Amino acid sequence: MSEQDYRIESDTIGPVKIPKDALWGPQTERSRNNFPSGELMPLAIIRAFLHLKKAAAQSNVEVGDEPKEKGEAIEDAIDHLLALDDVQLRKDFPLHVLQTGSGTQSNMNVNEVVANLANKLHPGLDILPNDDVNRGQSSNDTYPTAMNIVAVEALDKLEPAVQHLIDELVIKEKKYWKTVKVGRTHLQDATPLTFGQELSGYISALKHDLSYIQELKPTLYELAIGGTAVGTGLNAAPGMTEKIAGKLSEVYGHKFEVKTNKFWGLAHHSGLDVVHGALKTLAADMFKIAQDIRFLASGPRAGYGELNIPANEPGSSIMPGKVNPTQAEAVTMAATKVFGNDTTITFAASQGNFEMNVFKTVMIASFLDSCDILTGTITGFADRMIHGLTVNEERMDDLLENSLMTVTALSPHIGYHAAAKIAQTADKEGTTLREAALKSGKVTEEQYDEWMDYMQMTNVDKDDPEE
């Protein structure tokens, strides 16, 4: 940089050249140069920090620990920043996830930007990043507080996406509640069920997954703010943190709580770990559902061919007319990422050496990545796969008619071994089950027609589709 392009500021280590128009200060600039790799710090974290700093400034003023004019200037600067769109906001928050594991540099990035902007908006107050914006706080309690806030925000977006998929599946479940098809276990033919019943299993899985997330989510309402450096609360004014929790609860619509063990809050991230376990479970179920549907839709001539999937885009650059299950592929790839993120979070959560976990930044980045890709791919799967899904009833009927496992309905009448012999004969001789059954002499034509009722085999009338 030429002399015209930068200004010089100093921190406790010494002078630092900073781009002239940047709102950040020396600690941000050091981090920007020392840690240039990996993804940028999610802006959700930055916005959570801004709300936290605003709540802290207001609370410090209310408890008499910060001059009113400084608190209002900090609040004014933060309101200006919160009004920016993501592109504008990113300009002054350039740091990466792979920095110090406590998130100290991102905390200081926020402190420096807020202080510098407040001084521009309110000349003469001399607002300082550490003494004023970070008053009564530490990176060690603010970063984990921001982590929990953004995790809750991300779940707020994911939950409606899961419910939306459930709703789309319920529509299909009701429509195909009495559409009988071959069941399959171990990748082999099994007794019949209806497609609606098959879908009901997917719906139940997703309802359970959603309930797991909702039941575990409140553990994230416990905030570390007030622990300051090591959990003792040194330098935090009495009553400050309770006020912060109240203000953040109003902003985010969740009942955040600060009456929790701060030594745990700084050194452990059990809540984030256990909630991500529920995301991993959701991803596993989504993988299974997407896998089933794309296999059942395989073909159209040389596969199972039971389902017809929407043609969202050309499937091949060389094979004209090809349709691929791209939404299922997106879901399954997202699931593999979530599995990897879960491993990262679990290992990182185990690394809370002494009074602080120093894997915070990678933990929350992984958590947010899982929420984001699940929200997006589940929504796409619901809208661009399930919504337009139809069944090929003729193919289902053909496969059902040729299935050998419907012989199970004969077992109560002629015995397991006699029924097995009929199925084996039909398979060996390449005949239908009906032909083999009548040839065995164990079953009359009238008995076969009576006992071989596919719909009755499903017991579908004993249950109702999802309401």
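## The loop between α8 and α9

Asn235 sits in the loop that joins α8 and α9. In this predicted model, the phi of Asn235 is positive, near 80°, although Asn235 is a residue other than glycine. Asn235 counts as exposed because its relative accessible area is 62%, and the cut-off for exposed is over 50%.

Thr228 is also placed in the loop between α8 (195–216) and α9 (240–252). Thr228 is not a glycine, yet its phi is positive, at about 45°. Is Thr228 buried or exposed? Thr228 is buried, with a relative accessible area of 2%; the cut-off for buried is under 20%. Most residues other than glycine have a negative phi.

## A cis peptide bond

The peptide bond that runs from Gly299 to Pro300 is cis, and its omega is near 10°. Pro300 belongs to the loop between α11 and β5 (307–308). Most peptide bonds are trans.

## Helices α2 and α7

Helix α2 covers residues 43–62 and helix α7 covers residues 139–175; their axes come within 9 Å and cross at roughly 115°. The crossing of α2 and α7 is right-handed.

Which residues of α2 meet α7? They are Ala44, Ile45, Ala48, Phe49, Leu52 and Lys53. On the side of α7, the residues met are Thr142, Tyr143, Thr145, Ala146, Met147, Ile149 and Val150. Sorted by class, the contact of α2 with α7 has 10 nonpolar residues, 2 polar and 1 charged.

Val63 is in the loop between α2 and α3 (68–82). Val63 is partly exposed because its relative accessible area is 29%, which lies between the cut-offs of 20% and 50%.

Not counting residues up to four places away in sequence, Val63 touches Ala237, Pro238, Gly239, Met240 and Lys243. How far apart in space are Val63 and Asp209? From C-alpha to C-alpha the distance is 43 Å, and the two residues are 146 residues apart in sequence.

## Helix α12

Helix α12 takes in residues 326–349, a run of 24 residues. From its first C-alpha to its last, α12 reaches 34 Å, close to the 34 Å expected at 1.5 Å a residue. The buried residues of α12 include Ala328, Val331, Thr332, Val338, Asn341, Asp342 and Ile345. Among the elements that cover the buried residues of α12 are α11 (270–296) and α13 (360–386).

Gln327 is in helix α12. With a relative accessible area of 15%, Gln327 is buried. Leaving aside neighbours within four places in sequence, Gln327 is in contact with Asn312, Gly380, Phe381, Arg384 and Met385.

## Helix α1

In helix α1 (residues 26–34), the buried residues are Pro26, Thr28, Glu29 and Ser31. What covers the buried residues of α1? The cover includes β1 (6–10), β2 (15–19) and α5 (104–121).

## Domains

The protein is divided into domain 1 (16–135), domain 2 (149–235 + 259–390) and domain 3 (404–458). The centres of domain 2 and domain 3, taken over C-alpha atoms, are separated by 42 Å. In the contact between them, 9 residues come from domain 2 and 7 residues from domain 3.

Note on methods: Residues are numbered from 1 along each chain as its sequence is written. This is a predicted model: local features need pLDDT of at least 70, side-chain atom pairs count only at pLDDT 80 or more; totals for chains, interfaces and linings use all residues. Side-chain values use heavy atoms; hydrogens and water are left out. Axes are lines fitted to C-alpha atoms, for helices over the stretch in contact, and angles run from 0 to 180 degrees between N-to-C directions. Helices (H or I, at least four residues) and strands (E, at least two) are DSSP runs, numbered from the N terminus. A crossing is left-handed if the near helix is turned anticlockwise from the far one by less than a right angle, and right-handed if clockwise. Contact means heavy atoms within 4.5 Å. Ala, Val, Leu, Ile, Met, Phe, Trp, Tyr, Cys and Pro count as nonpolar, Asp, Glu, Lys and Arg as charged, and the others, Gly among them, as polar. The expected span of a helix is 1.5 Å times one less than its number of residues. Buried means under 20% relative accessible area, exposed over 50%, partly exposed in between (1.4 Å probe, protein chains only). Domain bounds come from an automatic or database domain assignment.
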